Structures are given as structure tokens and as C-alpha cells.
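Morning, everyone. Let's walk through one model together. Please have the sequence and the 3D view open.

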Amino acid sequence: MPDDLKSLFEADLVFNGVNAVTGEYGQPPLSSRQLARLIRGQPLPEDYREFVERQRHLGALTNVQDRLQRVTDVEFTLHEQAMAARLEELKFKARSQMQWPVKPGAGDISRVEDVGWAVIFPAAMNPALREEIKEALGPLLNHRRAQAGDLFRVCEGSDAYRTGERKDQYFRRVGIGAGLADPDEFPFYVLLVGTPDEIPFAFQYQLDVMRGVGRLDFGSDVEAYADYARAVVAAETGQVVLPRRAAFFAPANPGDKATELSSEYLVQPVFENLSVASPENELALLHEWELLSPFVGDGQATHSQLGQLLGGAPGLTPALLFTASHGIEFPANHPAQLRHQGALLCQDWPGPGETVRREHYFTGEDIDEEANLTGMVAFLFACYGAGTPELDQFAATAFKVREKIAPRNFTAALPQRLLRYGMLAVIGHVERAWGYSFISPGGRLEHQTFITSLRTLMNGDPIGLATDASFNMRYAELSSDLAADLDELQWNPDYISDYELAHRWTANNDARSYVVLGDPAVRIPFEREAVVDEGPVDLGTITAEVPAAEGPQVPPPLPEIAGEGRVKEGAAEAPQEEGGVVVEMPPPLPDTPPDEIKIEAQPEAPTPLAEAEELVAERAGPSVATPQQAGDAPSAGGGAPTIGVAPAVIPTTPGVVPPAQGPRQLVRVQPVYVEGEAAYVAFGLSDQFEKLKVSLRRFTDQLATSLGHAAEDIVTLDVRTYSARDIRAVAAALDAHQDPDATLRALTRVDFDGDVQVYIPEKADSGFAQLVLAVHKAMVEEAQTSRARFLATMAELATSLLNSLRIGS
Amino acid sequence: MNGSAFVLSGMALPGGKDPLGIWATDGPAATPFAAGQAEDVMVWRVELPSSGFDARSLLGARTAAVSARVSALADVEARLAALEPTAPHYAMGETTGPEAALMATIQQLAMPAVAFDTDADAAERFRGIYAECQALLEQFRRLVEHYAWVVTTQGGIDVALTVVAWSGDYDTTWLDGVTEPQMQLHRDAVHLALASRDALLRLINVVGTGALTLALKASVPGGQILLLPAVYQYVRDVLEALEQFRIRE
């Protein structure tokens, strides 16, 4: 390890986060000694003076008292209690020795079918808005309901989250026990819907200890909820299959220690680790991935490059994106804060102290309008990358003051926008990311949590699990150690060095504040290739469950089969109780040929989409094969087969026929696999295909919008007739949204109920006036006929295209 | 001024004509008005000769052509619904004309790539069709995004302007002193423009639903969207064949 890492903690510590107004670090550099004092809550007077001066310097607000309020003892105690409750639960979890925080026997934690799915709405949400959001999320809710069955739950009304509740209070009120998750009592995967003001980040942290939790917050943008729901359903019903491609993005701004460290000692080593499928003592990758060379530093980690990775260049868009950069922050109440805070500062920024220009950082507004991110997942290591709390936690710890750093708690705009454009989930940081969490004072790299998290995602497991085994458990360990350290330091000031304390505290804080934005049950919809390892059953592999033979249990061997599908020979070993999708192998029917057993996916409850496909198939005639019938839909649990594949037919050894009865035993098979790729990919049509998809989507969106406008105004039909001396001048005025120089000659208003009001001049005695009135009457009839025809055409088009998009996009 | 033109401004289409062959398109920059929000409107501009008889004849012919295209679209829809891409005779070359071309495309797209790696011509052709289809869709979006303005000019003089809003509201401004025959010409022009708009939307519907049905029948990976360009091409081919047939008659 380089010596400069060992000496890192001897110099001033530089933290992530750059203030967009000043171009300086959001948190000024601190020595380890100074940081240690603040962590212990024992600031010197000069520390506080410096802190207040910074507030003045920062402020668009000059009155520091507006930003700082002394934390009352009660508030501080409540905060400490909340953190302590979470920590106790984490310790319990760590002690439980369970791989996952679910009760034994609950089933496969990666399967919604086994461990359930719930959505929690806040009681503070406007009921009308809640209903609109529920309707917009309808496809997703129906999809999850079909998967989870009895383990599906919508928490609203009396089960809604009430403002101010801690997790333990909420659980008590709705009758949920503490400890390991019992899906029969309350599902494992939980989606929170609402702003962090309505459901606080703290509740999300707490709930995440024993559950897989994510959040959707699009404010009152109901369309965004609908778009997101459609994207998830598309991804989970085989309509989206991404190439297994991951990209890494890490600016190293000139003269900036923080990004130098994160690019060189976080992103690069993580990339190198993931390049090896099965390193020792680490989660093995089940699939081969294409890792794009990291976009690091000069000419690489630029704003335009990030735009290309995020949909600007469809051929380059990865399935998984990992970024490490500064996050942009603003003084509280700055006009740009809600829109831009947490944006990713790119290589374009010249470095500390230099002006931050708008084009230096990447936020939601920078995503290409035609970007299609459906199916993607991103991990953003940056200050405030996921959201910002109203009050700064560090100030509370160090100075016992409430530093108001935002007008309210809010979700960052960038991930909101990413989800709006089809991304399935974002892992990001709430509050300041301190950095240094991946380097120990001894110069050792501690990036295991990032690696585990990314490997989990690359194995196709739900994102709700990706943070569980990594950041949550690391937080549990670090918090336990830190609490013990701080306790001991009260008695023995030399118990650990300031360096060590600074490291443990920053690492602890970094691990604490990661959250998932998006549905926690989503997984990257990449193409599954054949899995040939013979180790224990891993999450994401497919298993077939067969009745075992009496006596010595010798599963039938699974030799290679003819045709496109391949099954691993001898893969019937190592029966496991957990993992993967259970594909039941029924006993052979009497008329089944003795040398064949068909293994077919267990039929799931039909999803609305599947029902729609079947309906279309029925209408199209008996010879129609739906994509699902053709094996085009993913098998439950993530083993998405590739396109156009019939169920595998596996010959058995003659004479070895599984009996109809008896205990069950698991036999591993691999996903069926077709050689080659879709023709349009080979033709180089991927880009055009994506663009066409975007255009079709935009067309239908516009159609729906225009229909909405028409519906708003449908109550009346107005026909106006004017005359003017110069038609071109009238057109030019209208074009410029100005009042034209024209005389109103007649107005007819037809109400929806058929009432007609006609306004004409009292005197229309000239020939021209009479003519105009006559033609006005004719135009009224024309308008009525035309409107009826146009609305019918639009409605028919909207119905057929929107329905077909659900199936075809 | 005795020339005539049927121009749709605010839409730029390949070949400078709408797919039904009724209107010339001159793109968003060529609106006949001053700078401002011109991109917010679709202007259907009917320029007619001074002769009333000629003007009526030209308008009548265009209106009849739109009706013919709408009928043809119904035929195309029926033919698309009857296609069975999995039936063997298509593969054996027993079908000719637009159907054969469409089936060949579907079969190419439905099969794994390995068989077509060297078919550079096919790839290029596909890319061309895709680009055209995508451009068309982007332009067609304007049809459902903007109000329709209909301007009638006779002998070089603008005689009337009608603005049709989403709600169906009509605002018509007549040139002071306009004659009754000119009023009738403008009413016919409005009718032609709105009927054309309906027909273009109907065309999209036929292409979209046809692509979906075929995608499901043929289990094409990529589904409906992949087939949109091919079906669009098919619809154009059929419309053109029908038009040729009509002309010969």
C-alpha cells in the first residue's frame, strides 16, 4: 500500500461535497485531532467560532441565528434514542448469525413470492393525491400482488405512517413484532411512497435494518409514478433485457484530495475486483459481465461522458453504473438547492476554490430528453446524492446546534429524474458522504461493502438485498465499535488515536446513510446465461424441485440435450433448502414417454400484462404464441431465459423415474439458452430500436396529454367568427400571442348538455354581415361534427397504442 | 396568380410529402407568418387559383383522394390481420408483392442473428427504414401536439384563417369583403385539412396495431416496436399499389 495512504490521516482531512456558490468544500478540511474533538462533542471555543464564521461566509443568509438553533436536551435525547434503537436492532441482527434478516423457514429472501411486498403511504399525504398515485402505480401494485399473493400489503388509512413515528412505534401500532422479519406478519420488501418530510429518512434507515426498503418520491408528479410503474413491470416481464455491462465514473479534479482518493482507491480497486469472477472469500459472480474501462479523471469523467452513459448514447448505456464524485451542495434556501443539490460534480470543474459553473455538474435536467434508462441501476457515491435532511447531523453531534441546511427534507432531483426515465433503482447517500470510509489509518483499503453490494446486483438479486449484507451490516459493526470507543475514551483519552477515531466515525456515518430509491424488489433485467458452477445454490440460480426416490437418493443426471437449450451435466448435486426459483417437476403422467420429463416453470398467478397478452393472443387466433409461451418472459426469481425458447426437455436415465410421492429434493438446472443474439442487435439496429421506442413513447405521451387537454375543455364548444382587413396580420398576431386586429362578428357556445347560446350583433343589415352570420352557422355544425370525429380517432388511437405499448415496448 | 398548393407547414417528412400523398410538407421553418411561436402550430395551407371552377375542382379532387386513402387503410388493416407469418407458404415464396416483402422481413428479424451476419445490404436497408419511421413518428407527434391552423388563399390573397383547438373550438377570421364562393372554398379547405389529420392518425393506428399483431404471431424478439418500420413500409407499399390500380382504372 502506498505510503501516502498511511500518512493520509496526519494531514488535514478533506471531505466530499463542494458548495456550488463558493466553489469550496462544503465541510472545510479538518485535522484528525480537530475532528476527533468534534466527534466527542467537546469542541474548543475556536472550533465553534470557526463554525459560525463559516455559516456567515456561506450564507445567502447573513443572520446566522436563522440557520443555527441550539438543540434542546429533549431533541438531542430523542435523536440519540432513535439512533440507539436502530443500533440495538443492528447488533441483534449481527448476533443472529443469519445470512439474511428473515425468520428461518420463510423461504427464499430474493423472491417476492416467498417473503412478500408492502407499500406504505404517509398519513400526511393528501388523500386525493394518494389515490391518484395508487392508480398511477396500479401496474406495479398489481404485478407485486400477483407475485406475493397473501404476502402483499398496502398500508394506508389506519396503517399509514404517521408523522413523527419511529419504526418501533409504527410496528407496535400496526401489530408487527420486533426482531427478524416474519413475512407472514409483515412483508420483507417495503416500498415507502412519499417525501422525506412525510416519511423521514430516519424511519427508512430504521426499517431497513430488518427489511429491504426503498422509497419513491416524485412529489405530486403522478405521471412520474405511472412511468416508473410501467418501467418496473416491463423489466420484470421480459420486455427489457439489458446487456450485462457495467460502467464506472470517477472524476479526479485538479488539486482535490477527495476525488483523487475516491478515483484511485475506491473506483479503480472495485473495478479490478469485479473483473475477477470468483475472488477468494467473496461473492462469486454467476454471470459474465462486460466492464467498461473506468471513466476516470481528465477527458474521461466529464459531464458529457456522464450524459452519454445515462442514455445520451444508447449503445453505451450500461445496466449498472457506479459513480464516485463530489456532490454539489447549496446554502439553505438557495433558489437552486432543491433542483441541484446532490448533483454530481464532474471532471469539468477545475478544482477547489474555483468557480463552480452550471456545466460542471450533472443533475436531472441534464439527462437527454430521449434517454431510455429502463432496467438500469445506479450507485451514486456523492454527498446528498440521494437526498438532503433539513438539519445537519454533524453540527448536532459536534456543537449541539440545529444547523438548518435546507428548507425541508428532500429527495435529490437527479435520482428522481433517473427513475422517471426508467431506471429501476438508485443507491445513494443522504447527508454528507465523508469519504475516508474506504481507507483505514493503517493504509488498508476497506471497500468490501461496495464490492459486496455491486456483486449482489450483478448476480441479479434484488436491490433491497444489495445494501443489506454490505452497508447495513458494516454500520452495525462500526457503530458497535464506535460506541465502545467513545465510552472507553471518557476514561482513557489515549485508548485509540485521533486518526482511528476520525476514521471510525466517518466510516460509520458513511455506512449509515445509504438508501435505496425505487422499489427494493427490483433486480437488473439482464440476460441470464447458463450457470455451470456446482457450488451451493446461490440466489438467482434456478432450481428444479423433484420428488426424491425411495432409498438412496440418486437424482437423475442432467445430460446435455439436443437443440438450443443446454442443461449442465451432473448438476443434480448439492441439494439446498434455500435460494433460487423453485421449479417443480411433477411426476410423469401415464402417457408421458418414459425417457422424457418436461421441466416447466411453475405457473404464476397471471399478471395484468400476461392477461393482456393472452387476450391479444386469443383474438389473434389459436396459432399465436405469446412471448411468454415462447419462453420470452423471465422465470420467477430472476432467472430470465433468453428469447424465444421452448421449455427444456430433459431426458432421464432409462429406468430412473422419479416416484410420484416422497420427500422433495432440489436439483439444479441452468437457464435455457439460445446461441446468438436477436437479429436486430446483429444488424446494428439497437440504437435505432431504442430511438424508435422513445419516439413511440413520446407520441403516446403526447396523445394522452392532448386528450387530457381536450377532456378539460370538452364541456363547451365555442365557435367564433371574425372579420379583418388583413388575414396575414391576424395570423402574425396570433402567432406572437397578441390580440389580432379583427372584429368579432358572432359567437356560438354549445354546452355539453346541448344548450346553445348565440351572440350576434343587434344589427346585421349589410350583405356582408348577413353572409358572415350564415357561414357562422355552417361552421358551428362543421365544428360539432369535426370534434366528435377527432376525439373518436384520438381515443381509438390512444387505446390501441397505449395497450399495445404495454406489451410491445 | 393561378398556381395551387396544398402545404402542411410545421412538419418535415421524408420526401417532402405526407404518407398519404395529399399534402406537401415544408418543415417547421417555412410557416408563412412572422417569427414567434410558429413552431407551436401546424398550418394547413391551401393555395388555390383565381378561377373558382379550378379551385373547386382541385379541392374536390383532394378531398376525394383522402376518402380513397381512408378506404384503402381499411383494406390494409384487413390484409394485415389476415397475415399468418408462421404459415409455411410465405417461406416457400408462394406469396408476392408487399406481403412477401413483409414476411421476409419478419422472418429475418425473428431468427437468431447468426444467419445474417454478412447481410450488410439488409442491415443498411433496415437502418434506413428505422430512421424514416422514427422521424415520421416524431413529426406525427406534432399532429397531436399542436392546434391546427387552416389558411385558404385564392389568387394569392389570404381569404380566411381558421384555428381549431383541441377542444374543437373554431375561431375563423374572414377577409373583409370575402365572397360567398370564397367562404365555401375555405369551408371545404377546413374539411380537407381535418379529414387529412384524421386519416394520418388512422394510418398510425393501422401500423401500430398491425405491428403488434404480427409481433405476437411471429414471436419476434423486440416485439411490436421492432416491426413498426416494416409494417409502415408495407402500408405505404399497399397504398401505393392501390393508388396505381386506381390510376390505371
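Start with one term. A residue is buried if 20 or more other C-beta atoms lie within 10 Å of its own, exposed if 12 or fewer, and partly exposed in between; the C-beta atoms are placed from the backbone. One more term: helices (H or I, at least four residues) and strands (E, at least two) are DSSP runs, numbered from the N terminus.

Now some ground rules. This is a predicted model: local features need pLDDT of at least 70, side-chain atom pairs count only at pLDDT 80 or more, and totals for chains, interfaces and linings use all residues. Residues are numbered from 1 along each chain as its sequence is written, while chains are lettered from A and ligands numbered from 1 in the order in which they are written. The model's scores are ipTM 0.85 and pTM 0.52.

Chain A comes up now. Look at helix α17, residues 448-458 of chain A. Nine of its eleven residues are buried, so the helix is mostly covered. Among them are A:Phe450, A:Leu454, A:Arg455 and A:Met458. Just after α17(A), A:Gly460 takes a positive phi of about 85°.

Helix α10 of chain A, residues 201-208, is also mostly covered. There, seven of eight residues are buried. They include A:Phe201, A:Phe203, A:Tyr205 and A:Asp208.

Next, two single residues. Where is A:Asp217 placed? It sits in the loop between β6 (212-216) and α11 (222-236) of chain A. Is A:Asp217 buried or exposed? A:Asp217 is buried, because 23 other C-beta atoms lie within 10 Å. For contacts, the rule is that the C-beta atoms of two residues, placed from the backbone, lie within 7 Å. Leaving aside neighbours within four places in sequence, A:Asp217 is in contact with A:Gly194, A:Thr195, A:Thr411 and A:Gln416.

Now A:Gly518. This glycine lies in strand β20 (residues 514-518) of chain A. With 25 other C-beta atoms within 10 Å, A:Gly518 is buried. Not counting residues up to four places away in sequence, A:Gly518 touches several residues, including A:Gly214, A:Leu216, A:Leu419 and A:Ile463. A:Ile427 is 91 residues away along the chain, yet the C-alpha atoms of A:Gly518 and A:Ile427 are separated by 8.8 Å.

On to chain B. Which elements does chain B have? Six helices and six strands. From the N terminus on, they run β-β-β-α-α-α-α-β-β-β-α-α. Chain B has 249 residues, and 49% of them count as buried. Take its contacts between residues at least 6 apart in sequence: 65% join residues at least 24 apart.

Pick out two helices here. Helix α1 (residues 52-82) and helix α5 (residues 180-218) of chain B pack at an angle of about 15°, with their axes 10 Å apart. Axes are lines fitted to C-alpha atoms, for helices over the stretch in contact, and angles run from 0 to 180 degrees between N-to-C directions. So α1(B) and α5(B) are roughly parallel to each other. The cut-offs are under 35 degrees for roughly parallel, over 145 for roughly antiparallel, 65 to 115 for roughly perpendicular, and oblique for the rest.

Last, confidence. The pLDDT is the predictor's confidence in each residue, from 0 to 100. Chain B averages 78, and 79% of the residues score at least 70. Over residues 29-38 of chain B, the pLDDT is below 50. That stretch still has 21 contacts in the model beyond near neighbours in sequence.
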